[in-house]
Amino acid sequence: MLHELLLALLGFTGDFVLDASPPRRRSASQEAGRDGDGDRDGEVGPAFRLAPDLTFLQPSERTAIERLISLGFYYRELNRFATESRDLSWIQSSVDVSSPHSDKSQKGKARKGSVYRRAIANGITEILSVYRSAVLQVEQNLLSDPLPILATVTHGLNKFEVLLPPLYELVMEIEKKDIKGGQLLNLLHKRCHCGVPELQSCIQRLLWHGHQVMFNQLTSWMVYGILQDQYSEFFIRRQDDRDGENESSQRDVSDKFKQKLAKDTSLASWHTGFHVSLAMLPEYIHMRVAESILFAGKAIRVLRNPSPGATLQEPVNQSQNSKGSLGMQSFVGGSGAPKELPSFSNISAEELLPQAEADKIDVMLKELKHSSEFHKRPFESAVGSIRTIAANHLWQLVVVRADLNGHLKALKDYFLLAKGDFFQCFLEESRQLMRLPPRQSTAEADLMIPFQLAALKTIGEEDKYFTRVSLRMLSYGMKSSTSQKDLQKPNASELSSQGKATSELALDGWDSIALEYTVDWPLQLFFTPDVLSKYRKVFQYLIRLKRTQMELEKSWAAVMHKDHADFSDYCKDRKNNSATQLRRQRSKPLWRVREHMAFLIRNLQFYIQVDVIESQWNVLQSHVQDSHDFTELVSFHQEYLSALISQSFLDIGSVSRILDSIMKLCLQFCWSIEQYETRPNISEIDHITEEFNKKSNSLYTILRSSRLAGSQRAPFLRQFLMRLNFNSFFETTARGVMNSGRLRPSTAGAQL
């Protein structure tokens, strides 16, 4: 009977101790959690029972023995869980699944493995080994002194009565809910908070085993840039996260590593390749810390896996003559085709991330890993230090080696029209072409000639960045392309409906002119497609404004040339030139309207170029000089672009629509007065004038609204409004429009 009891304590039943559990209870862990497992859900205690025919036992003895043999049941269930979780046969099955001929059902079975559950099973095995040693010690004590039996066994195993039942409940919950990964760590962390010191120590030991897996994954991710997560248990997850995809493979390691390397260095891997999985993120790890881990790993991937054939340009102050000759050759062949710039040899990973830095990261993680307990503050501090190291080296790569500031200056020169002489020349060279409707098939090629001529006349040989700029014609903003011919014949209904146009309202068919900028690795990490699209949006707005301003100047020059000729004829023969004098008198209101248009466009252009672009550029430059963190630079650059769009009113639909309408009216007016001598169109010009007055005063009213006055646009917006309303003309006329509903013609010339 003594040996029957000892065997029962190790999970073996017989004639003395019976197993009353149903067959399902003794099945594999895969049965847990399935539909219909009502017996397990209803369990209230162990299933080991004493045989009912043991009549020689007293009730008190039976109760004491049944309490003892319950430990054997808990031991058996815990040992079963540990054995099944530590079974490595799933490794072979995962290799089989990787073959192209395996079916989906096999894949589903292979994904039931869990490295975190195996780690917890290792911890449970440690606890069970202590239990087995205690049983062995009890046996030795009984052999040396056989009396009293129950007292000796109870005394030797008393401490396990507070350990094994909670561990059994923990294991049952893990199996039933199929808990793994970060969720398992979270469960153990919650169970650590209990009032039993022995149990707390055991669960902390289990949590330590789970953290060993997590720190191994963190080391792989933040030291080597490899996501080691075969069963999707880590809180850093691939964005696509397909079944069967894992970072390392048990077969064809070299071939698969090359494929992974090629994939990891793609832009998608940096921008959208990975994310933080909230389902697997333990609650005691803050989301901010998880995002730092995500960034650090992605940065290490970039630094350890340079893009194949990646080269970095020489500093700007070297080899200028050779660069200039290559740059001028590129103007002849196309605006953005050649990219032959002198470069260094291919970059190695050792240059971007020295081994000493990687070793420093490894040491910090090993210190955390070897700690007996997980402490939140040292963990967050180490992650912050690792993130700083990664961000600094990424900053060194992008800012210093890849000449980020030079590319920022190039984007300002071309997308923000800082090279005004180039775009002035381009618009003059293409002015006659833009008088005709663009041909969708050849519009881009037609513009290439004036674009190249303007480059030859204005771009110096030292500008190596121009080879990255190319001209594009995007999809048209209007259903049918229009030009001077279409704009010079508006009717009243069209003009009155312009205020209701959508935000896609175009000046004419040439409104879709855009620039493209070619960036190489690693600048794609900074100049994302979204960033370049914002630059493109601002450029299209500025080039429309520049073109409108130039047309107003050209029309003024043409009208003044004609007026000087008429005045000369009048002075020669005053008696016979009364018609000339009358024509000059009739054209004076047109000059005033043109001056009003030029006044508004000129001040708007000055406001955007000086008050917005230059001031924000100076702020960005100070940040670039002071910051040595890549993520800070990305944030500062996003603020810079947001400020450009916001302070230029491109994010306010009502204002941008009015500005588009005003620029369209200005072009209509310019093309109308140029034909005034051959085809007088007084009614058409009156309609344009009336609509312009309405739009300009509506614009002033919106810009003076309290909503805009309290925004970040306020400081520069006040200067813009002061320039517009320096003599209170706009305020007076805007008030008149609000009161009367339409602007009286007599007030149109009140200003200037």
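**Loops, helices and a strand pair**

Q: Is Asp403 buried or exposed?
A: Asp403 is buried: its relative accessible area is 18%, and the cut-off is under 20%. Keep in mind that this is a predicted model.

Q: Where does Asp403 lie?
A: In the loop between helix 17 and helix 18 (404-415).

Q: What about the phi of Asp403?
A: Asp403 has a positive phi of about 60°, although it is not a glycine.

Q: Staying with helix 17, how does it cross helix 25?
A: The axes of helix 17 (residues 376-401) and helix 25 (residues 630-647) cross at roughly 65° and come within 7 Å.

Q: Which residues make the contact?
A: Helix 17 contributes Arg387, Ala391, Leu394, Trp395, Val398 and Val399, and helix 25 contributes Phe630, Thr631 and Leu633.

Q: How do the residues of that contact divide into nonpolar, polar and charged?
A: Seven are nonpolar, one is polar and one is charged.

Q: New topic, helix 10. What span should it have, and how far apart are its end C-alpha atoms?
A: Helix 10 covers residues 197-223, and at 1.5 Å a residue its 27 residues should span 39 Å. The end C-alpha atoms are 37 Å apart, which agrees with that figure.

Q: How many residues of helix 10 are buried?
A: 19 of the 27, so helix 10 is largely enclosed by the rest of the structure.

Q: What comes just after helix 10?
A: Gly225, with a positive phi of about 75°. Ser232, in the loop between helix 10 and strand 3 (236-238), also has a positive phi, about 55°, although it is not a glycine.

Q: Is Ser232 buried or exposed?
A: Ser232 counts as buried, because its relative accessibility is 8% and the limit is under 20%.

Q: Now the strands. Which way do strand 5 and strand 6 pair?
A: Strand 5 and strand 6 (residues 513-517) pair in the antiparallel sense, over five bridges.

Q: How many residues of strand 5 are buried?
A: Four of the five residues in strand 5 (residues 469-473), so this strand is largely enclosed by the rest of the structure.

Q: And what joins Trp521 and Pro522?
A: A cis peptide bond, with omega about 5°. Pro522 lies in the loop between strand 6 and helix 23 (529-572).

Q: Last one: what does UniProt list for residues 1-20?
A: The unreviewed UniProt entry lists residues 1-20 as "signal peptide". In the model that span is 40% helix and 15% strand, and its end C-alpha atoms lie 19 Å apart.

Note on methods:
Residues are numbered from 1 along each chain as its sequence is written. This is a predicted model: local features need pLDDT of at least 70, side-chain atom pairs count only at pLDDT 80 or more; totals for chains, interfaces and linings use all residues. Side-chain values use heavy atoms; hydrogens and water are left out. UniProt positions are given in the numbering used here, feature names are shortened, and annotations may be inferred rather than shown by experiment. Helices (H or I, at least four residues) and strands (E, at least two) are DSSP runs, numbered from the N terminus. Axes are lines fitted to C-alpha atoms, for helices over the stretch in contact, and angles run from 0 to 180 degrees between N-to-C directions. Contact means heavy atoms within 4.5 Å. Ala, Val, Leu, Ile, Met, Phe, Trp, Tyr, Cys and Pro count as nonpolar, Asp, Glu, Lys and Arg as charged, and the others, Gly among them, as polar. The expected span of a helix is 1.5 Å times one less than its number of residues. Buried means under 20% relative accessible area, exposed over 50%, partly exposed in between (1.4 Å probe, protein chains only). Two strands pair if DSSP finds at least two bridges between them.
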